[in-house]
Amino acid sequence: MQVKRIWAMYWSATGTTKKIVGTIAEKMAEILGLTLMEYDFTLPDARESAPDFGPDDVVVFGTPTYAGRVPNVLLPYVKSVKGNGAAAVPVVTFGNRAFDDSLIELRDLLSGNGFRPFAAAAFVGEHAFSKVLSANRPDTDDLALAVQFAEQAAARVPALSVDTPIVSVPGRSEEERRYYQPRDRAGNPIDIRKVKPKTDSTCVDCGLCARVCPMGSINPLNVREFVGICIKCGACVKDCPFGSKYYDDPGYLYHKQELEEEYQRRATVSQFF
């Protein structure tokens with residue numbers, strides 16, 4: 001195949017997936033002397049369409065890991081993006097616990113949509129719930145690994161063909177995959193699906209939280225009001241310049257504390273070719 005373009009395509013509520021995918025795609029384009037393109041589908045309007053891919057494209061396609069899977073709210077959009085023979089590099093980020101089945105799920109989604117995944121990776125990013133769990137990752141060491149991964153992926157591009165096998169990654173079959181379920185100390189499930197952040201008195205109604213919400217769920221005319229679901233992505237909490245957004249739900253706070261206490265070790269990056 002004659003590749004002409006390298007794409008960085010991603011959903012990245014707090015910027016971590018964007019940083020990893022962008023680093024990989026930029027380095028691949030530099031090595032191969034190809035045009036670098038970008039498509040950010042984080043915000044709702046961007047998910048109304050998708051680039052027109054073809055056999056002359058390599059797409060570095062990234063999403064975060066939510067509950068061990070590709071975020072379920074993204075599935076309809078990801079399933080709608082057609083590869084038309086494009087090569088792909090599925091990439092997931094995870095918040096220091098584990099990527100579970102997210103990478104194999106993303107690989108299968110892309111493969112089923114006409115992409116040909118030939119390399120894949122799972123990188124660590126600061127957890128959406130926390131500012132201390134994998135704080136400031138991806139860091140310098142992570143980005144160095146992203147560059148090394150890009151170099152190895154780029155080296156494989158000239159030999160890509162319709163016969164190139166799909167990259168093998170760990171994970172369960174589609175029938176066996178389950179979402180990670182947080183539990184309390186007694187082993188009872190913690191359900192935080194309907195939990196939403198609150199807004200304190202430091203809010204100046206700048207509207208930034210509404211603009212960065214990837215679900216378009218915060219009313220820009222009244223940022224204390226939700227007009228849609230909250231997926232706990234952390235965008236409004238982490239981006240607020242005044243620290244005005246916060247969660248006070250006991251189940252959410254317990255789960256956050258549990259993650260921070262249990263997963264203090266530095267999780268490693270995984271790469272597959």
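Predicted model: local features only at pLDDT ≥ 70, side-chain atom pairs only at ≥ 80, totals over all residues.
Residues are numbered from 1 along each chain as its sequence is written, and side-chain values use heavy atoms, with hydrogens and water left out. Local features need pLDDT of at least 70 and side-chain atom pairs count only at pLDDT 80 or more, while totals for chains, interfaces and linings use all residues.

Start with the interior. A nonpolar core here is a set of buried Ala, Val, Leu, Ile, Met, Phe, Trp, Tyr and Cys residues joined through side-chain atoms within 4.5 Å. Buried means under 20% relative accessible area, exposed over 50%, and partly exposed in between (1.4 Å probe, protein chains only). The largest nonpolar core has 39 residues. Met-9, Trp-11, Phe-41, Phe-53, Val-59, Phe-61 and Phe-115 touch the most other members. Elements that each supply at least two residues include β1 (5–10), β3 (57–64) and α3 (102–112). Helix α3 gives the most, with five residues. Helices (H or I, at least four residues) and strands (E, at least two) are DSSP runs, numbered from the N terminus.

Leaving aside neighbours within four places in sequence, Phe-41 is in contact (heavy atoms within 4.5 Å) with residues including Met-9, Trp-11, Phe-61, Leu-74 and Tyr-77. A second, separate core holds 27 residues, among them Val-21, Ala-87, Ala-119 and Ala-154.

Now the backbone. Arg-137 and Pro-138 are joined by a cis peptide bond, with omega about 5 degrees. Pro-138 sits in the loop between β6 and α4 (140–156). Ala-67 is not a glycine, yet has a positive phi of about 55 degrees. Ala-67 lies in the loop between β3 and α2 and is partly exposed, at 33% relative accessibility. Lys-232 also has a positive phi, near 60 degrees. Lys-232 counts as buried because its relative accessibility is 7%.

Finally, the rings. Rings of Phe, Tyr and Trp (its six-membered ring) pair if their centres lie within 6.5 Å; planes under 30 degrees apart count as stacked, over 60 as edge-to-face and the rest as tilted. The count comes to ten aromatic pairs. Phe-129 and Tyr-252 form a tilted pair, 4.7 Å centre to centre with 40 degrees between the planes. This pair links distant parts of the chain, 123 residues apart. Phe-129 is buried at 14%, and Tyr-252 is buried at 4%. Ring pairs also link Trp-7, Phe-53 and Phe-115 into a cluster.
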